[in-house]
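Subject: Structure for your review

Dear colleague,

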Amino acid sequence: MDVTVSGRKMPISDSLRDYAQSKIGGAVEQLDVDAIACEIVLYREKNPANPLPAICEVTVIMKGHVARVEESEEDMFAAIDVAAAKIARQLRKFKTRIKDKRKKKTEQDIKFEREDAHPATELDLDKLMDELSDNEIVRRKKVKYTPLTEEEAMVQMDLLGHDFFVYTDRDSNDVSILYRRSDGSYGLLTPLED
């Protein structure tokens with residue numbers, strides 16, 4: 001596994017690099033999740049009002065899965081400690097819920113083309129752009145949908161640390177949206193059959 005430590009707009013000392021590699025890299029290797037790479041990004045918030053300016057971002061790339069953690073603390077070494085504990089907890093959960101129960105099916109990627117979603121006659125782009133003029137999209141991301149079960153989607157959402165996850169249901173081939181409710185439970189949105 002390749003462990004990279006980098007700093008965002010700050011130099012990284014050798015002692016800090018070694019500490020991050022041993023603490024986080026060691027936790028990932030100890031869990032034996034067949035990780036391909038582990039990327040650690042360290043930086044400080046410039047806002048003096050922020051009581052936790054030291055930030056450690058960890059991304060672990062595995063075959064078919066990505067686990068991500070971002071932690072803030074008063075000092076960089078503490079941020080690394082907390083991030084290491086949190087990524088270890090996520091990977092342990094991943095290993096027990098998915099890796100040990102993994103099905104031996106071949107999965108095919110399904111690509112969705114935006115043009116196929118709505119015929120050009122139904123979509124008035126000028127009207128949509130006028131509606132969006134006050135609100136701005138700050139990030140766009142292309143994703144590849146892989147057929148998953150509900151349980152696999154829950155694990156993937158937890159690994160990414162997101163509040164929602166869009167996936168293709170392996171059994172029905174429908175696009176589904178899994179989301180975390182305010183009480184901590186999960187909700188699932190599926191298309192209505194006509």
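A residue is called buried at under 20% relative accessible area, exposed at over 50%, and partly exposed in between, with a 1.4 Å probe and protein chains only. By that scale Ile177 is partly exposed, because its relative accessibility is 31%.

This is a predicted model, in which local features need pLDDT of at least 70 and side-chain atom pairs count only at pLDDT 80 or more, while totals for chains, interfaces and linings use all residues. Residues are numbered from 1 along each chain as its sequence is written, and side-chain values use heavy atoms, with hydrogens and water left out.

Overall architecture

The chain contains 5 helices and 8 strands; these are DSSP runs, numbered from the N terminus, with helices (H or I) of at least four residues and strands (E) of at least two. Read from the N terminus, the order of elements is β-α-β-β-β-α-α-α-β-α-β-β-β. Of the 194 residues, 32% count as buried. The chain exposes about 13,400 Å², and carbon and sulfur atoms supply 49% of that area; accessible areas come from the Shrake-Rupley method with a 1.4 Å probe, and for residues only the protein chains shown count as cover. Taking contact as heavy atoms within 4.5 Å, 48% of the contacts between residues at least 6 apart in sequence join residues at least 24 apart.

Nonpolar cores

A nonpolar core is here a set of buried Ala, Val, Leu, Ile, Met, Phe, Trp, Tyr and Cys residues joined through side-chain atoms within 4.5 Å. The largest one has 32 residues, of which Ile24, Ile40, Leu42, Cys56, Val60, Met62 and Leu91 touch the most other members. Two or more residues are given to this core by each of strand S1 (2–7), helix H1 (14–31), strand S2 (35–44), S3, strand S4 (65–73), helix H2 (76–97) and helix H5 (150–160). H2 provides the largest share of this core, with 9 residues. Apart from this core lies another, of 7 residues, including Ala153, Met154, Phe165 and Tyr167.

With neighbours within four places in sequence left aside, the contacts of Cys56 include Ile24, Ile40, Leu42, Val69, Ala79, Ile80 and Ala83.

Glu57 is found in strand S3 (residues 54–62). Is this residue buried or exposed? Glu57 counts as buried, because its relative accessible area is 11%. Its side chain makes polar contacts with the side chains of Arg8, at 3.2 Å, and of Tyr43, at 3.0 Å. A polar contact is a pair of N or O atoms within 3.5 Å; within protein, one must be able to donate a hydrogen and the other to accept it, and residues adjacent in sequence count only if both atoms are side-chain atoms. Not counting residues up to four places away in sequence, Glu57 also touches Glu39, Ile40, Val41, Arg68, Val69 and Glu70.

Salt bridges

Under the rule that a side-chain nitrogen of Lys or Arg lies within 4 Å of a carboxyl oxygen of Asp or Glu, the count is 9 salt bridges. One of them joins Glu152 and Arg170, whose closest N and O atoms are 3.1 Å apart. This pair links distant parts of the chain, 18 residues apart: Glu152 is in helix H5, and Arg170 is in the loop between strand S6 (164–169) and S7. Glu152 is buried at 11% relative accessibility, and Arg170 is buried at 15%.

A further salt bridge is formed by the side chains of Asp183 and Arg181 (3.9 Å, N to O). Asp183 is exposed, with a relative accessible area of 55%, whereas Arg181 is partly exposed at 42%. Salt bridges with shared partners also connect Arg8, Glu57, Arg68 and Glu70 into one network. Glu70 is partly exposed at 38%, as is Arg68 at 32%.

Backbone and surface

Most residues other than glycine have a negative phi. Lys9, although not a glycine, has a positive phi of about 60°; Lys9 lies in the loop between S1 and H1 and is exposed at 80% relative accessibility. Asp34 likewise has a positive phi, of about 55°, and lies in the loop between H1 and S2.

Yours sincerely
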